[in-house]
2 protein chains.
Amino acid sequence: MHESRPRIGIMGTGAIGGFYGAMLAQAGFDVHFLLRSEFEAVREHGLRVNSVPRGVLHLRKVQAYRDVADMPPCDWLLVGAKTTSNPSLAPAIVQAAAAGAKVVLLQNGIAVEDAMRPLLPDTLHLLGGLCFICVHREAPGVVEHQSQGAISLGYHSGPALGPDRQALIDEGVAMFREAGLDSHAAASLEQARWQKLVWNAPYNGLAVLLQADTRALMDNPDSVALVESIMREVVSVARAAGHALPEGLAEKMLKTTRHMPDYLPSMYHDHAQGRPMELEAIYAAPLAAAARLGVEMPRTEALFRALRFIAARQSA
Amino acid sequence: MHESRPRIGIMGTGAIGGFYGAMLAQAGFDVHFLLRSEFEAVREHGLRVNSVPRGVLHLRKVQAYRDVADMPPCDWLLVGAKTTSNPSLAPAIVQAAAAGAKVVLLQNGIAVEDAMRPLLPDTLHLLGGLCFICVHREAPGVVEHQSQGAISLGYHSGPALGPDRQALIDEGVAMFREAGLDSHAAASLEQARWQKLVWNAPYNGLAVLLQADTRALMDNPDSVALVESIMREVVSVARAAGHALPEGLAEKMLKTTRHMPDYLPSMYHDHAQGRPMELEAIYAAPLAAAARLGVEMPRTEALFRALRFIAARQSA
């Protein structure tokens with residue numbers, strides 16, 4: 001362990017927390033994992049990342065905790081849980097935070113920090129991170145990493161002002177880079193969230209609704225048209241909200257996805273395994289923003305309603 | 001048999017042809033059934049309609065044909081097959097038609113007569129009928145009739161002009177009424193088709209996409225909102241096409257459906273049994289009309305594309 005390095009807490013391990021936490025631990029950072037259902041498996045067998053591009057990473061000795069009260073105070077708290085569990089996770093985040101800690105929500109969707117902020121004391125920094133990665137939890141303590149891994153960081157709110165914010169972001173970026181990960185500062189966190197939503201809104205929901213992976217969706221002209229039209233709706237709302245998304249963003253994402261291995265987005269896995277889907281962050285919050293701006297998202301809204309019907313039936 | 005009565009041919013029996021054909025035969029009309037896969041079952045066991053409102057109707061002796069060449073020339077030809085089989089059924093219709101016969105398409109969707117017309121000689125009358133009925137084929141020669149049964153008739157094209165068209169429609173209406181069925185003349189066949197589509201477009205597709213019957217769709221606020229928004233899109237295109245649909249039509253249909261027994265629309269059965277879905281008549285034709293009129297149907301189009309994705313996967 002490097003004594004001068006920050007102490008990192010991974011809150012809610014799953015696929016994202018497991019992958020980034022394992023990468024940071026392998027790079028020599030002092031990483032502590034708060035685990036719930038996976039605690040026994042990780043304590044006994046460690047944490048395993050089966051990575052297609054990077055090979056197998058098996059972290060045998062994991063600093064794992066079932067109870068947040070046993071964790072040491074952490075300087076960085078990486079939240080890889082689903083947005084749906086943020087309200088119940090917030091007290092543990094507060095408890096695990098060192099003075100002036102940086103809380104980073106490694107989550108998809110819109111306005112997730114806005115919802116988290118009131119649950120944290122003003123003395124904590126709140127950041128957001130967008131993960132460009134194909135990864136899923138295969139079994140307790142086992143993460144499958146198919147491709148990518150880049151991470152984009154932005155400051156949301158907290159005690160830092162002006163250049164201090166940039167310094168904090170740079171510190172986070174440097175930390176991930178030391179772990180061998182492509183990382184950079186987002187010019188605007190909110191814009192980065194909208195930009196990522198251009199991918200997430202179509203593929204997550206359609207994967208559930210049509211029970212299809214990205215390859216199946218890209219191999220059929222009708223699903224491609226659906227994906228494209230939902231992308232266009234997200235882009236138009238993001239632009240109405242003042243975010244200058246890059247020209248040709250949707251086209252570029254379609255092309256990238258066409259060349260990705262067949263991938264099942266996280267919402268597919270959430271649904272298949274009976275976990276709640278992130279409908280609030282990925283659909284309801286953007287639709288609320290669209291309504292405030294007076295912009296229509298009819299296809300996105302139809303997809304959202306179909307998914308909420310599916311969710312209601314599943315939980316019935 | 002009443003010698004003076006018209007001879008009726010049922011082309012493509014299934015649920016609609018079976019129900020109306022059996023009702024007409026029971027009323028003493030001279031009815032002839034062209035059958036394909038159901039021929040053996042009907043010849044052996046007759047035709048059975050298990051009707052919730054009317055009880056069991058068992059037609060023991062059925063004038064059934066496997067080959068159209070054996071049928072006598074018919075004055076009325078009722079086409080109860082799916083629209084998807086119209087092109088392949090047209091030669092049999094022509095062959096079974098008496099001189100000046102009336103061909104009635106008892107089918108859902110838009111522009112189905114437009115597609116059939118070029119396949120028939122000009123000497124045949126072409127009419128359309130909208131069936132307001134909850135009915136499905138339970139087994140070969142067995143029809144389950146849940147509720148309703150009204151039929152609305154309109155003249156599409158053919159040798160009759162002016163008042164002669166009305167006289168033909170009235171003849172058809174009288175025929176169904178004699179069989180104990182609520183029947184009336186549609187003021188405009190095209191308008192009647194659009195009006196019925198207000199129900200068919202949402203319920204047929206959503207039943208397949210969400211694997212849900214009408215009760216499940218009406219019990220969830222999200223699916224109700226989806227149904228309503230698709231109804232509104234159909235109404236707006238119908239109005240743009242010049243059809244004065246009644247005020248409050250969507251609201252009335254929602255209310256009626258809420259009070260219907262749990263019903264699986266025909267497209268659900270078609271999909272479940274691996275038959276082609278009527279995507280052309282119920283979605284593609286209305287969407288083409290909307291495009292010509294410059295009216296958007298984003299939710300209907302999204303539903304159509306999702307269904308065509310499902311159809312492509314099923315036939316793959």
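Between chain B and chain A, an area of about 1,900 Å² is buried, and carbon and sulfur atoms give 62% of it. In chain B, the residues that lose the most area to chain A are Leu210(B), Asp222(B) and Phe309(B), which together account for 32% of what that side buries. The model under discussion is a predicted one. In terms of residues, 24 of chain B are in contact with 24 of chain A.

Side chains of opposite charge can pair when their charged atoms come close. Between chain B and chain A, the count of salt bridges is four. A salt bridge joins Asp222(A) to Arg305(B), with the closest N and O atoms 2.9 Å apart. Across the interface of the two chains, chain B and chain A, there are eight residue pairs in polar contact, both residues being at pLDDT 80 or more.

Which elements give two or more residues to the side of chain B that touches chain A? They are helix H7 (214-218), helix H8 (221-240) and helix H12 (298-315) of chain B. H12(B) gives the most to that side, with 11 residues. By class, the side of chain B that touches chain A comprises 14 nonpolar, three polar and seven charged residues.

Helix H8(B) also packs against other helices of chain B, as the following pairs show. Two packed helices are described by the angle between their axes and the distance between the axes. For helix H6 (residues 189-209) of chain B and H8(B), the axes come within 9 Å and cross at roughly 145°. This crossing of H6(B) and H8(B) is right-handed. On H6(B), the contact is made by Trp194(B), Leu197(B), Val198(B), Trp199(B), Ala201(B), Pro202(B), Tyr203(B) and Leu206(B). On H8(B), the residues of this contact include Leu226(B), Val227(B), Ile230(B), Met231(B) and Val234(B). The residues of the contact of H6(B) with H8(B) divide into 16 nonpolar, no polar and no charged.

H8(B) and helix H9 (residues 249-258) of chain B pack with their axes 10 Å apart, at an angle of about 140°. The crossing of H8(B) and H9(B) is right-handed. To this contact H8(B) brings Val224(B), Val227(B), Glu228(B) and Met231(B), while H9(B) brings Ala250(B), Met253(B), Leu254(B) and Arg258(B). By class, the residues of the contact of H8(B) with H9(B) are six nonpolar, no polar and two charged.

Finally, salt bridges may be considered over the structure as a whole. Over all chains, the structure holds 30 salt bridges. One pairing is that of Glu40(A) with Arg66(A), whose closest N and O atoms are 2.7 Å apart. This pair links distant parts of the chain, 26 residues apart: Glu40(A) lies in helix H2 (residues 39-45) of chain A, and Arg66(A) in the loop between strand S5 (63-65) and strand S6 (74-79) of chain A.

How values were computed: Residues are numbered from 1 along each chain as its sequence is written. Chains are lettered from A and ligands numbered from 1 in the order in which they are written. This is a predicted model: local features need pLDDT of at least 70, side-chain atom pairs count only at pLDDT 80 or more; totals for chains, interfaces and linings use all residues. Side-chain values use heavy atoms; hydrogens and water are left out. Contact means heavy atoms within 4.5 Å. Buried area is the accessible area (1.4 Å probe) that two parts lose on being put together, summed over both. A salt bridge is a side-chain nitrogen of Lys or Arg within 4 Å of a carboxyl oxygen of Asp or Glu. A polar contact is a pair of N or O atoms within 3.5 Å; within protein, one must be able to donate a hydrogen and the other to accept it, and residues adjacent in sequence count only if both atoms are side-chain atoms. Helices (H or I, at least four residues) and strands (E, at least two) are DSSP runs, numbered from the N terminus. Ala, Val, Leu, Ile, Met, Phe, Trp, Tyr, Cys and Pro count as nonpolar, Asp, Glu, Lys and Arg as charged, and the others, Gly among them, as polar. Axes are lines fitted to C-alpha atoms, for helices over the stretch in contact, and angles run from 0 to 180 degrees between N-to-C directions. A crossing is left-handed if the near helix is turned anticlockwise from the far one by less than a right angle, and right-handed if clockwise.
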